[in-house]
Amino acid sequence: GESLAVLHVKGASVGFANALRRTIISLLPSFAIDEVDFYENNSPLFNEILANRIGMVPLTFDPKAAQDTKVSLTINAQGPATVYSKDLVSGDEKITPVNGDFPIAELGDKQNLRVEAWAVLGNSKKHAKFQCAQASYSHYATFVVKKNTQKLQEFIKALPASCLDGKGNVVAWKCDAAVDFAQNNPDVAEYKEKEDEFV
């Protein structure tokens, strides 16, 4: 499934934050289909098109898998039918499509698709199909209350819960509205970004 990690990095430069972002995007390992053998395909799509579509199906990950692991995934479908990623039957229950609802091909009457695909470990420096994460950064921001006014209370009450911490304080780096409020009400609150801190 999906997971989210939020890091608060202190005493760092923009270069360091960007290097961390690029490392997450390009060096995290994942499984992706690297080869496709076609045994039967009389669908409207050429083998090369189908191989590309199958190769872009995101797969789950097994952290215990050896570096040279090669997993077989097969499709055996007869038309009329739509072939989905759930039709990729894996030889390893830990390495399967992340989501079964990606359409691969539309088969008409008497059209068949029989393939064997091979998933291997890689990272997105090798090919974009191995990219398994997104990462971004921004300066760590704070929202400092100068004066507790009625206007401030109304602003905080209107915010979604995701913009607040457990005590009801504004978490500035999660809340774009905090920038506008502080700029329009400088006597009430101050929005500051820390140059050497990042989220």
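This is a predicted model: local features need pLDDT of at least 70, side-chain atom pairs count only at pLDDT 80 or more; totals for chains, interfaces and linings use all residues.
Let's start with helix H4. Which residues of H4 are buried? They are Ala178, Phe181 and Ala182. These residues cover an arc of only 95° around the axis, which puts them on the same side of H4. And what do they pack against? The buried residues of H4 have E8, H3 and E9 as their packing partners. If you look at the face of H4 turned away from that buried side, you will find the exposed residues Gln183 and Asn184.

Now let's move on to charges. Side chains of opposite charge can pair when their charged atoms come close. How many salt bridges does the structure hold? There are 6, and I'd like to walk you through some of them.

Take Glu35 and Lys70, a salt bridge whose closest N and O atoms are 3.5 Å apart. Glu35 sits in strand E2, residues 30-41, while Lys70 belongs to strand E3, residues 70-78, so this pair ties together parts that are 35 residues apart in sequence.

Arg114 forms a salt bridge with Glu40, with 3.3 Å between the closest N and O atoms. Here Arg114 is in strand E7, residues 112-122, and Glu40 is in strand E2, so distant parts of the chain, 74 residues apart, are linked. Arg114 has a relative accessible area of 35%, which makes it partly exposed, and Glu40 counts as partly exposed at 28%.

The next pair takes us back towards H4. Asp187 and Lys147 form a salt bridge, their closest N and O atoms being 3.9 Å apart. Asp187 is in the loop between helix H4 and strand E9, and Lys147 is in the loop between strand E8 and helix H3, so the pair ties together parts that are 40 residues apart in sequence. Asp187 is partly exposed at 46% relative accessibility, as is Lys147 at 43%.

Methods. Residues are numbered from 1 along each chain as its sequence is written. Side-chain values use heavy atoms; hydrogens and water are left out. A salt bridge is a side-chain nitrogen of Lys or Arg within 4 Å of a carboxyl oxygen of Asp or Glu. Helices (H or I, at least four residues) and strands (E, at least two) are DSSP runs, numbered from the N terminus. Buried means under 20% relative accessible area, exposed over 50%, partly exposed in between (1.4 Å probe, protein chains only). The arc is that of the directions from the helix axis to the C-beta atoms. Contact means heavy atoms within 4.5 Å.
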